[in-house]
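Colleague: I would like to walk through this one with you. Could you take my questions in turn?

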Amino acid sequence: MSLRQIAAREGCGVETARRDINKHLSKLDAACLEGAAALRAELFEKYDSVLQSLEHEVLANGNLDRVSDLLKTSESIRKLYALDVQPLGRTELSMRRSVITEIATKLRDQLPPDTFAHIVTLLTEDEPIQLLDGIAVASADEEGTEPPQWNRA
């Protein structure tokens with residue numbers, strides 16, 4: 001259903017429907033994050049126990065046959081906490097922003113204004129991009145430097 005249809009069904013304005021939906025989605029996100037954190041903590045306890053046992057076997061007992069198991073367990077812990085993930089550099093961020101900007105600009109003429117605004121909000125909520133006269137443009141990043149401006153396609 002569109003936001004207008006939801007608002008009509010609930011007997012409220014479009015902005016009220018949007019706000020209520022976002023509020024409930026935020027609660028779901030928070031619940032999912034809490035559940036994921038609890039699961040991660042539980043898995044870490046298991047991995048840590050196995051890791052300590054393997055370290056004892058390898059280091060104290062000299063059992064070199066278990067080194068590969070030790071490395072695999074250590075890798076599992078790194079993956080569990082995304083420690084192997086490299087942060088995005090400026091080039092990757094710039095490319096991501098330009099793709100978002102291109103998508104938003106192409107959608108502008110193909111969607112109703114409220115749908116377009118909602119999609120752009122979702123696409124840009126974690127990005128320093130803003131809408132100027134219906135065209136997505138980059139805004140200053142956290143360091144205050146102005147990224148390159150993208151031309152309308």
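Colleague: Which residues of helix 3 are buried?
Modeller: Keep in mind that this is a predicted model. Buried means under 20% relative accessible area. In helix 3, the residues that count as buried are Leu70, Thr73, Ile77 and Leu80.

Colleague: Within what arc do the buried residues of helix 3 fall, seen down its axis?
Modeller: Look down the axis of helix 3. The buried residues line one face of the helix, because they fall within an arc of 90°.

Colleague: Against which helix do the buried residues of helix 3 pack?
Modeller: Start with the other side. The face turned away from the buried side carries the exposed residues Leu71, Lys72 and Lys79. The buried residues have a packing partner, and that partner is helix 2 (14-60).

Colleague: How far apart are the end C-alpha atoms of helix 3?
Modeller: Helix 3 covers residues 67-80, which is 14 residues. At 1.5 Å a residue, the helix should span 20 Å. The model agrees with that, as the end C-alpha atoms are apart by 20 Å.

Colleague: Which residue just after helix 3 takes a positive phi?
Modeller: Step just past the end of helix 3. The phi there is about 55°. The residue is Ala82.

Colleague: How many aromatic pairs does a search of the whole structure find?
Modeller: Rings pair if their centres lie within 6.5 Å. The search of the whole structure finds one.

Colleague: Are the rings of Phe44 and Tyr81 stacked or edge-to-face?
Modeller: Their centres are 5.9 Å apart. Their planes are at 75°. Planes over 60 degrees apart count as edge-to-face. So the pair of Phe44 and Tyr81 is edge-to-face.

Colleague: How many residues apart in sequence are the parts that this pair ties together?
Modeller: Phe44 lies in helix 2. Tyr81 lies in the loop between helix 3 and helix 4 (90-108). So the pair ties together parts whose separation in sequence is 37 residues.

Colleague: Is Phe44 buried or partly exposed?
Modeller: Buried needs under 20% relative accessible area. Phe44 has 26% relative accessibility. Tyr81 has 36% and counts as partly exposed. Phe44 likewise counts as partly exposed.

Colleague: What separates the C-alpha atoms of Ala41 and Tyr81?
Modeller: Ala41 has its place in helix 2. Along the chain, Ala41 and Tyr81 are 40 residues apart. Their C-alpha atoms are separated by 9.8 Å.

Colleague: Is Arg18 buried or exposed?
Modeller: Arg18 lies in helix 2. Beyond residues up to four places away in sequence, Arg18 touches Leu3, Asp114 and His118. The relative accessible area of Arg18 is 15%, so Arg18 is buried.

Technical notes: Residues are numbered from 1 along each chain as its sequence is written. This is a predicted model: local features need pLDDT of at least 70, side-chain atom pairs count only at pLDDT 80 or more; totals for chains, interfaces and linings use all residues. Side-chain values use heavy atoms; hydrogens and water are left out. Helices (H or I, at least four residues) and strands (E, at least two) are DSSP runs, numbered from the N terminus. The expected span of a helix is 1.5 Å times one less than its number of residues. Buried means under 20% relative accessible area, exposed over 50%, partly exposed in between (1.4 Å probe, protein chains only). The arc is that of the directions from the helix axis to the C-beta atoms. Contact means heavy atoms within 4.5 Å. Rings of Phe, Tyr and Trp (its six-membered ring) pair if their centres lie within 6.5 Å; planes under 30 degrees apart count as stacked, over 60 as edge-to-face and the rest as tilted.
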